[in-house]
Amino acid sequence: MAAEAAGHTGVSGAAMAYVPIFKGKLGEFTALGHMAPEVQEMVRPVMEVVPDREVRDILETFRQNAWEHLPAGLDLAVDCGALWRHGPVGGVWRGPPLSWLSESFGAWLLTLLPVFRPDDPKCALAEVRDVQRAHRGGAVMRLCLDWMPGDPVLADRLTAETLSGLSLAAEEIDLLLDAGHVSCDTAVAEAVPRMLYALRWASRTSWRSVTVASGAFPPTLRGLPRERLHPFRRWDAALWRKVAHAFRGQAPDFGDYGITHTAMSVAPGRRAAPNLRYTVGEDWAVSISHNHHPGNDGFFALCEDLLHSGLWPVHGESVSWGDEQLAVCARRLRRKAGRPADWRAWATSHHLAVVTDSLRTLGVP
């Protein structure tokens, strides 16, 4: 699963990778399916299976989206942690969810990398063991900073016991150090020493890769001024920069939660007003449509504003598939302005292209 793109290198010595932690929904799958080759070779996505009370069979929906959109040659890390915690919310499946998905991926000759945490239930870890044996691609160990013991020797013992039970060596593990949501400069400052502690602990072991991840997109856009591009700082990228600068060693890979909040809710969501989430350097430019537009036509107006702002990139629609679609909307060359899954796909496509290009050319996200 190590990235092979030319450019800056991470902790393992391989080319630096981007590890987006995505909610496993249609928009995110669609964006992955439209990655340019130079983007795909740098991306190691983690896809969370999301409990949803409004979806009859969440596993079948996840499987169908993966089947229809995942590009050939893309290894996918799948995290069923929410299902293990909540049970079969909104689903008709019975039995181990990760094992069920593993069989589907195997039939398509796609490699599924199971995601686990040392404190997952024993039945979940048993699934991980069986799935990694079937796919032989290793696994992803996701560590929340809140889990990290203050004693590194204790952390060593707990992880060693877990890996032994999974029949895996550290060299077969992509280590994902997750700081969760960071919302401001103070939150970043508080997370830096904890992440550095985790990173220094990780450097004592020969992991296949090490990623520093967090998320910064706000939990809600309510109250945002309508039809005005509003900047939100990418604090997740700021945290990575501070940690990489302070760490004495090769830079870790970069992970974030894309253009979504870190939290996962099992409750039905409200119908989203047309909104645009556009990654620009160290910020997101976010705008929401007025309610007076018919249907979702307010998204046309948001795209027009973006195209005529100073934020539209020099290379315009050639940046990504998502940018092509946004330009089409801005010029009203579509009969309809799309739906929330489309808006999420287009913005995520742009985000993937921008982050990978920055990592490749500048060595920072």
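Analyst: Let's start with L362: once its neighbours within four places in sequence are set aside, L362 is in contact with H8 and D357, where contact means heavy atoms within 4.5 Å. This is a predicted model, in which local features need pLDDT of at least 70 and side-chain atom pairs count only at pLDDT 80 or more, while totals for chains, interfaces and linings use all residues. Residues are numbered from 1 along each chain as its sequence is written, and side-chain values use heavy atoms, with hydrogens and water left out.

L362 sits in the segment after α12; helices here are DSSP runs of H or I with at least four residues, strands are runs of E with at least two, and numbering goes from the N terminus. Its relative accessibility is 59%, so L362 counts as exposed. The cut-offs are under 20% relative accessible area for buried, over 50% for exposed and partly exposed in between, using a 1.4 Å probe and protein chains only. For a sense of distance, L76 is 286 residues from L362 in sequence, and their C-alpha atoms are 26 Å apart.

α12 (340-361) is among the elements covering the buried residues of α1, along with β1 (18-23), β2 (46-48), α3 (58-69), β3 (76-79) and α11 (321-330). Helix α1 (residues 26-33) has six of its eight residues buried, which means that the rest of the structure largely encloses it. Those six are G27, E28, F29, T30, A31 and L32.

Beyond four places in sequence, K23 touches E28, M47, E48, V50, Y257, T260, H261, T262, A263 and M264. K23 counts as buried because its relative accessibility is 9%. A polar atom of the K23 side chain lies 3.0 Å from the backbone oxygen of H261. For reference, a polar contact is a pair of N or O atoms within 3.5 Å; within protein, one must be able to donate a hydrogen and the other to accept it, and sequence-adjacent residues count only if both atoms are side-chain atoms.

Most residues other than glycine have a negative phi. R136, in the loop between α6 (122-135) and β5 (139-144), has a positive phi near 55 degrees. S167, in the loop between α7 (152-166) and β6 (173-181), has a positive phi of about 60 degrees. R136 is exposed because its relative accessible area is 75%, whereas S167 counts as partly exposed because its value is 40%.

Now zoom out. The protein chain has 12 helices and 11 strands, and its C-alpha trace spans about 60 × 50 × 35 Å along the principal axes. A compact globule of 365 residues would have a radius of gyration near 21 Å, and the 20 Å of this chain agrees with that; the radius is taken over C-alpha atoms, and the globule rule is 2.2 Å times the number of residues to the power 0.38. Buried residues make up 56% of the 365. Among contacts between residues at least 6 apart in sequence, 78% join residues at least 24 apart.
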